Amino acid sequence: MLIDRVKPFVDRHYRTLPEPATTAIGGSSLGGLASLWLALERPEVFGHAMAMSPSVWWGNGHLLRRVAALPEWLPVRIWLDVGKQEKAKMREGVSKLATQLVAQGWKKHRTARLADMRHTEVPNSRHDEASWGRRLVRALPFMFPPPPKRTTRKKKAPATRDRK
């Protein structure tokens, strides 16, 4: 329904760029799990996935097995985070997921434009809406980094010769 009805409706009625490079899905807890799963299943629709505190344990770790079984890296930019004040089981699951994504070819890098995955454990952050809201300000710029700054060189003035 989301892909077949909601997204086409939004693309028809609003000024969107409908390509995967400009289309993201995101959520927290089970919504983060579902968002990541959907992006990995349909990378031709969603080029970005934001998973905050994804419930990786759900379905006896189904997502972990799904990522391990991927035949190749997929062109999906992934934000993956968890609060340091969340349960150990949650933090461990998210860490395992990040490790598996890297093993499948996703790249982590300090510079957002050079990475296609960011995994972070956020200090003083819990499994709640207030924490996820505070983390959004870091997630969105990673999901859609600004383009590289264009450097312009000043043109040198043509050399003039004094004619005598």
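Arg42 and Glu44 meet through their side chains in a salt bridge, 2.4 Å from N to O; the term stands for a side-chain nitrogen of Lys or Arg within 4 Å of a carboxyl oxygen of Asp or Glu. The structure is a predicted model, in which local features need pLDDT of at least 70, side-chain atom pairs count only at pLDDT 80 or more, and totals for chains, interfaces and linings use all residues. Residues are numbered from 1 along each chain as its sequence is written, and side-chain values use heavy atoms, with hydrogens and water left out.

A residue is called buried under 20% relative accessible area, exposed over 50% and partly exposed in between, using a 1.4 Å probe and protein chains only. Helices (H or I, at least four residues) and strands (E, at least two) are DSSP runs, numbered from the N terminus.

**Salt bridges**

- Side chains of opposite charge can pair when their charged atoms come close.
- By the rule above, the count comes to 6 salt bridges.
- In the opening pair, Arg42 is partly exposed with a relative accessible area of 30%, and Glu44 is partly exposed too, at 47%.
- Glu41 forms a salt bridge with Arg66, and their closest N and O atoms are 2.4 Å apart.
- That pair links distant parts of the chain, since Glu41 sits in helix α2 and Arg66 in helix α3, 25 residues apart.
- Glu41 counts as partly exposed because its relative accessible area is 30%, and Arg66 is partly exposed at 21%.
- Asp128 and Arg126 also meet in a salt bridge, at 3.1 Å from N to O.
- Asp128 counts as buried at 18% relative accessibility, whereas Arg126 is partly exposed at 41%.

**The nonpolar cores**

- A nonpolar core is a set of buried Ala, Val, Leu, Ile, Met, Phe, Trp, Tyr and Cys residues joined through side-chain atoms within 4.5 Å.
- The largest nonpolar core has 28 residues, and those touching the most other members are Leu36, Leu40, Ile78, Leu80, Leu97, Leu101 and Trp106.
- Two or more residues of this core come from each of α2 (30-41), β2 (48-52), α3 (58-68), β3 (77-83) and α4 (88-103).
- A second, separate core holds 9 residues, among them Met50, Ala112, Trp132 and Met143.
- Which residues does Trp106 contact, leaving aside its neighbours within four places in sequence? Trp106 is in contact (heavy atoms within 4.5 Å) with Leu40, Leu70, Trp73, Leu74, Val76, Ile78, Leu101, Asp116 and Met117.

**Helix α2**

- Helix α2 has 12 residues and reaches 16 Å from its first C-alpha to its last, close to the 16 Å expected; the expected span is 1.5 Å times one less than the number of residues.
- An α-helix has 3.6 residues a turn, so residues three or four places apart point the same way.
- Gly32, Leu33, Ser35, Leu36, Leu38, Ala39 and Leu40 are buried in α2.
- The cover over these buried residues includes α1 (2-13), β1 (24-28), β2, α3, β3 and α4.

**Aromatic rings**

- The structure holds 2 aromatic pairs; rings of Phe, Tyr and Trp (its six-membered ring) pair if their centres lie within 6.5 Å, and planes under 30 degrees apart count as stacked, over 60 as edge-to-face and the rest as tilted.
- Trp79 and Phe142 have ring centres 5.8 Å apart and planes at 50°, so the pair is tilted.
- Because Trp79 lies in strand β3 and Phe142 in helix α5, the pair ties together parts that are 63 residues apart in sequence.
- Trp79 and Phe142 are both buried.
- Arg77 lies over the face of Phe142, 4.1 Å from the ring centre; a charge sits over a ring if NZ of Lys or CZ of Arg is within 6 Å of the ring centre and within 35 degrees of the ring normal.

**Positive phi angles**

- Most residues other than glycine have a negative phi.
- Ser53 is not a glycine, yet has a positive phi of about 50°, and lies in the loop between β2 and α3.
- Asn124, also not a glycine, has a positive phi of about 55° and is found in the loop between β4 (117-122) and α5 (129-143).
- Is each of these two buried or exposed? Ser53 is buried, with a relative accessible area of 0%, whereas Asn124 is exposed, at 61%.
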